[in-house]
Amino acid sequence: MNVSLHVNDDLVSREIEPGTTLLEMLRSECQLTGTKDGCGVGECGACTVLLDDQLVTSCLILAVEVQGRRVTTIESRSDERIERMRAAFLEAGAFQCGFCTPGMIIAASRIRSGASPSAIRAALVGNVCRCTGYTKIVQAVQRAHDRRKHNG
């Protein structure tokens, strides 16, 4: 079946099998491999993307379900919040293996400014990192928010 959706501001149409997940379509059909396939059951957050600006785990959504909708992945260059968070993660060294990083950055980009460290941790509860212990991730989120305050 043919599926058309907006991915990172580009209209994408692909012929796919009905059971293809959004994650599979992004990685295989669109060659957007930043979104990772972690657990396959929506518990680790590695496959987190934005669907019409809402956080979703793309391994649990069929591509046909997002027909005509807007998907934003870690590869987006037009989402200022993702750009700012990506830079802050890099500056803070908020990753080690990097596997969880794309989903973590997508989720972190939607955390409200001024959130306490415990609120940041709570907001990221659906995104699992097995390497960093979250300290540098929390610092990166705070850094991104500080940069926003200083840069407008």
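Are Arg-110 and Asp-79 buried or exposed? In this predicted model, Arg-110 is buried, and so is Asp-79. For Asp-79 the relative accessible area is 13%, which is why this residue is classed as buried.

Asp-79 is placed in the loop between strand E5 (70-72) and helix H2. Beyond its neighbours within four places in sequence, Asp-79 is in contact with Leu-50 and Arg-110. The side chain of Asp-79 also reaches the backbone nitrogen of Arg-81, at 3.0 Å. With Arg-110, Asp-79 forms a salt bridge in which the closest N and O atoms are 2.6 Å apart. This pair links distant parts of the chain, since Arg-110 lies in the loop between H3 and helix H4 (117-123) and Asp-79 in the loop between E5 and H2, 31 residues apart. Both residues belong to a network of salt bridges that links Asp-53, Asp-79, Arg-81 and Arg-110.

Side chains of opposite charge can pair when their charged atoms come close. The count for the model comes to 8 salt bridges. One of them joins the side chains of Asp-52 and Arg-69, at 2.7 Å from N to O. Asp-52 lies in the loop between strand E3 (48-51) and strand E4 (54-57), and Arg-69 in the loop between E4 and E5, so this pair ties together parts that are 17 residues apart in sequence. Asp-52 is partly exposed at 30% relative accessibility, and Arg-69 is partly exposed at 33%.

A further salt bridge is formed by Glu-83 and Arg-86, whose closest N and O atoms are 2.4 Å apart. These two residues are 3 residues apart in helix H2 and are therefore separated by about one helical turn. Glu-83 is partly exposed, with a relative accessible area of 28%, whereas Arg-86 is buried, with a value of 18%.

Nonpolar residues were also examined. In soluble globular proteins, nonpolar side chains tend to be buried together. The largest nonpolar core of the model has 24 residues, of which Phe-89 and Leu-124 touch the most other members. At least two residues of this core are supplied by each of helix H2 (80-92), helix H3 (101-108) and helix H5 (135-151). Apart from this core lies another, of 17 residues, which includes Val-7, Ile-16, Cys-30 and Ala-63. When residues up to four places away in sequence are not counted, Leu-124 touches Met-104, Ala-107, Ala-108, Ile-111 and Ile-137.

Key. Residues numbered from 1 in each chain as written. Predicted model: local features only at pLDDT ≥ 70, side-chain atom pairs only at ≥ 80, totals over all residues. Heavy atoms only, no water. Core = buried A, V, L, I, M, F, W, Y, C linked by side-chain atoms within 4.5 Å. Buried < 20%, exposed > 50% of the residue type's maximum accessible area, 1.4 Å probe, protein only. Helix = DSSP H or I, 4+ residues; strand = E, 2+ residues; numbered from the N terminus. Contact = heavy atoms within 4.5 Å. Polar contact = N/O pair within 3.5 Å; in protein donor to acceptor, adjacent residues only side chain to side chain. Salt bridge = Lys/Arg side-chain N within 4 Å of Asp/Glu carboxyl O.
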